[in-house]
Amino acid sequence: MHLDVAAFPVRRARLGAPAAYDDGVLTIDPDVVRRLVLGDPRIADVRVELAHPGESVRVLRALDAIEPLHKPAAPVSAFPGFLGPPHTVGHGLTHRLSGFTVVQVTDFPFPASGVQAFEEGVIEMSGPGAAYSGCADRVNLFLVLTPGRAVSNVDYDDAVRRAALRVADRLAALTIGHAPEHVEVVDHGGEDGGRRRIVWVHQVRAQGPMVQSFLYGHEMSGMVPTVLDPTELLDGALLGANYKTGSKTPTYVHTRHPSLLALAARHGRDLHLAGVIVARGHHENEFLKERSAHFVAKLATLLRADGALCTYEATGNTHIDFMLTVQALERAGIPAASVVHEYGGPLGDDPPLVDFVPEAVALASSGGIDRRLSLPAVERVIGGDRLAHRGEPAHGPLDLPIQELFAATATMNERGAVAVEH
Amino acid sequence: MRIVQYLNQFFAGLGGEARAETPPGARPGAVGPGLALQRLLGAEAEVVGTVFCGDGLVADRPDSVVPKIVGLIEAFAPDVVVAGPAFDAGRYGLGCARVCAAATARLGVPALAAMAPENVAAELHRREVLIVPTTATAIGMPAALVAMARLALRLGRGEPLGPAAVEGYLPRGRRMNAWAPASASQRALGLLLARLRHEPFTTEVELPRYDRVAPPPPIADPARMRLALVTECGLVPTGNPDRLEWVRADKWLRYGLGGIDDLARGAYEVAHGGYDAAFAVEDPDRLVPLDAVRELARRGEIGEVLDAYYVTCGNHGILGQMAIHAREIAADLRRQHVDSVLLVAT
């Protein structure tokens with residue numbers, strides 16, 4: 001499929017009226033945002049805040065972060081299944097507010113325990129935590145939300161996601177009529193020309209409410225692996241809804257994943273990007289893990305893949321799904337290379353991997369996520385006075401493992417983190 | 001900067017294997033390889049003393065000999081201790097590693113040893129002692145001394161050391177974060193294309209080696225067992241009174257059961273961030289199956305049940321920490337005369 005992505009970079013955002021995009025400056029009308037958000041009675045209130053890279057700002061209770069996309073010509077919408085029908089995207093023209101994110105910040109209305117309990121991701125906009133924090137290098141609009149008449153946390157989560165998407169769509173639409181800074185022409189069709197055919201295996205977390213992902217507007221726990229054209233991801237086919245601190249893949253990473261960018265940069269040169277296999281992680285048992293792993297290998301075979309680049313979201317249980325997938329690919333004769341984040345404890349002297357298969361011979365490290373950071377006091381806190389699940393006062397200095405920072409795992413991959421032996 | 005060097009009897013010029021029982025001794029200034037080391041150190045550092053001992057003695061009786069060696073080193077008030085190079089000499093390597101470890105532990109002085117990577121002492125001590133790799137034989141003496149001098153100066157200045165591959169020491173098993181110029185996905189793609197082109201490639205993560213735990217044999221006579229319930233599921237009394245951590249727990253807990261037969265709904269909660277605990281909150285026996293084991297005991301199918309359960313949180317547990325928990329729990333179980341355990345994993 002052929003997709004043109006018109007980039008409209010946001011270098012600065014401000015609150016005011018009328019809303020406008022002009023030469024890298026995004027003016028956001030808070031009244032318009034309020035109306036868009038509060039149209040849903042499941043949300044009682046919203047406050048809007050902005051933060052730019054380098055500001056002394058700490059953000060708590062951040063859920064997902066979305067880079068706004070808008071498709072100016074009907075019939076399909078970006079973020080299909082949410083902003084429009086679940087019809088195939090990845091073709092035509094898409095406007096993108098590059099470097100800008102809409103971030104939901106909220107508590108949940110009902111108590112929950114276990115994996116459904118709320119674990120925030122902390123965003124540090126400056127200081128030593130910024131290197132590991134998703135969104136720290138972006139201009140951000142924070143929607144600080146108060147729950148309304150939602151009947152459950154799942155119900156409220158749905159309201160929050162849809163509200164952020166409405167706001168994102170409206171903001172991206174402000175670019176209509178403006179000239180983009182550049183247009184990215186994406187087309188992975190055509191013949192491979194004898195180049196090696198590479199698939200990207202994109203395993204996402206689907207464990208249930210609070211720890212899930214959405215494909216074309218629907219959660220993924222029942223699905224077997226499927227194939228997407230890379231352009232579908234650029235148009236928002238996948239949404240992140242994983243609220244586990246560091247291990248989440250926010251939506252802005254799903255739409256601009258470092259694996260996709262790495263492959264696209266070499267497509268037509270020394271490889272042919274043959275497709276994206278999206279798989280679910282965190283199957284409940286060995287049977288389902290094996291079934292999924294072998295579906296991935298089968299799809300890669302059907303795509304006539306010569307090799308597979310494999311990445312995954314989250315850790316622990318999902319890491320086992322991932323390693324079984326690597327094994328199934330290798331046994332199907334398709335060499336794999338993978339990105340893994342590491343554990344190892346505060347000193348990095350514990351074993352780095354939760355699980356492995358002997359076939360995992362080509363691993364790139366995205367760094368150790370349980371090393372600790374000393375974070376200084378900050379001038380402004382968004383999202384509460386105390387950390388959600390740890391309880392510490394939020395303004396003061398903090399001592400945290402890296403994995404408690406927002407989307408640390410995906411961010412460390414993107415920015416080139418690596419664990420090296422000392 | 002004051003440097004003390006540890007040598008064996010041979011490099012100290014006292015003789016070969018026949019003198020392997022030479023007792024610990026010291027000389028002021030540099031001796032043998034220390035003379036070349038001094039030239040490499042330049043004006044910034046001085047080899048103020050040389051301490052030596054016979055290889056046989058330090059290898060066979062370290063508990064009595066190493067403290068004496070450290071005492072001799074301490075008398076020179078060093079800023080840095082260097083030991084060797086021992087090349088592939090196993091007993092000399094052990095002496096160097098033990099002296100370095102003890103000097104750092106007891107005197108708080110940074111230390112480094114030099115030996116071949118295949119020296120048995122390197123495998124045993126590389127995690128605790130900074131070791132400069134050398135050739136197997138003394139043919140590599142000049143290069144070993146250059147590396148020792150460079151690292152000794154850095155230690156003496158209090159400079160933090162970079163990665164093993166950059167600084168030239170044997171990896172100590174500590175993986176620290178750094179930043180590469182390319183994303184991890186780009187680097188993985190590089191590995192993949194190298195594989196497909198049949199070019200050499202190096203994985204960035206060596207696969208770990210875990211202990212293999214053999215399952216114990218079946219219990220011979222369950223009717224006479226004294227059973228305890230142990231779990232990493234994070235089940236704690238409501239309110240989590242002892243603040244069991246949800247992730248990376250640094251404690252384990254023992255909770256008495258007060259003779260009850262069933263864990264009541266509402267009396268327990270789950271301190272564990274890794275699984276959906278809704279089913280367990282409904283009925284805590286689903287995690288700690290007290291109702292079932294009490295019933296089995298009543299029917300005489302199993303013996304006694306300890307009137308307490310042990311719990312920690314396994315979520316993101318640090319392996320070394322979990323091994324400590326396990327040893328402590330096992331010791332406590334012995335004190336309670338428990339001879340069998342039902343280990344409930346999540």
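## Surface and burial in chain A

In this predicted model, chain A exposes about 13700 Å², of which carbon and sulfur atoms supply 54%; accessible areas come from the Shrake-Rupley method with a 1.4 Å probe, and for residues only the protein chains shown count as cover. Of the 422 residues in chain A, 64% are buried, where buried means under 20% relative accessible area, exposed over 50%, and partly exposed in between (1.4 Å probe, protein chains only).

The mean positions of the 38 positive and 50 negative charges of chain A lie 3 Å apart. Lys and Arg count as positive and Asp and Glu as negative, while His and the chain ends are not counted; the place of a charge is taken as NZ of Lys, CZ of Arg, CG of Asp or CD of Glu.

## Basis of the values

This is a predicted model, in which local features need pLDDT of at least 70 and side-chain atom pairs count only at pLDDT 80 or more, while totals for chains, interfaces and linings use all residues. Residues are numbered from 1 along each chain as its sequence is written, chains are lettered from A and ligands numbered from 1 in the order in which they are written, and side-chain values use heavy atoms, with hydrogens and water left out.

## Fold of chain A

Chain A contains eight helices and 25 strands; helices (H or I, at least four residues) and strands (E, at least two) are DSSP runs, numbered from the N terminus. Its C-alpha trace spans about 55 × 50 × 40 Å along the principal axes. Among contacts (heavy atoms within 4.5 Å) between residues at least 6 apart in the sequence of chain A, 80% join residues at least 24 apart.

## Local features of chain A

A:Asp321 belongs to helix H7 (residues 317-331) of chain A. A:Asp321 counts as buried because its relative accessibility is 2%. Leaving aside residues up to four places away in sequence, A:Asp321 touches A:Gln203, A:Arg280, A:Gly281, A:His282, A:His283 and A:Lys289.

Helix H8 (residues 408-415) of chain A is mostly covered, with six of its eight residues buried. These are A:Ala408, A:Thr409, A:Ala410, A:Thr411, A:Met412 and A:Asn413. Just after H8(A), A:Gly416 adopts a positive phi of about 95°.

## Fold and surface of chain B

Chain B has 11 helices and 13 strands. Its radius of gyration is 28 Å, well over the 20 Å that the globule rule gives for 346 residues, so chain B is more spread out than a compact globule. The C-alpha trace of chain B spans about 80 × 55 × 35 Å along its principal axes.

Buried residues account for 49% of the 346 residues in chain B. Chain B exposes about 16300 Å², with 56% supplied by carbon and sulfur atoms. Of the contacts in chain B between residues at least 6 apart in sequence, 73% join residues at least 24 apart. Chain B carries 36 positive and 39 negative side chains, and the centres of the two sets are 6 Å apart.

## Cysteines

A search of the whole structure finds zero disulfides over all chains, a disulfide being a pair of cysteine sulfur atoms within 2.5 Å. For B:Cys100, the closest cysteine sulfur is that of B:Cys96, at 6.6 Å, too far for a bond. B:Cys100 counts as buried, at 1% relative accessibility.

For B:Cys233, the closest cysteine sulfur is that of B:Cys313, at 9.0 Å, likewise too far for a bond. B:Cys233 is buried, with a relative accessible area of 0%.

Notes:
Rg over C-alpha atoms; globule rule 2.2 N^0.38 Å.
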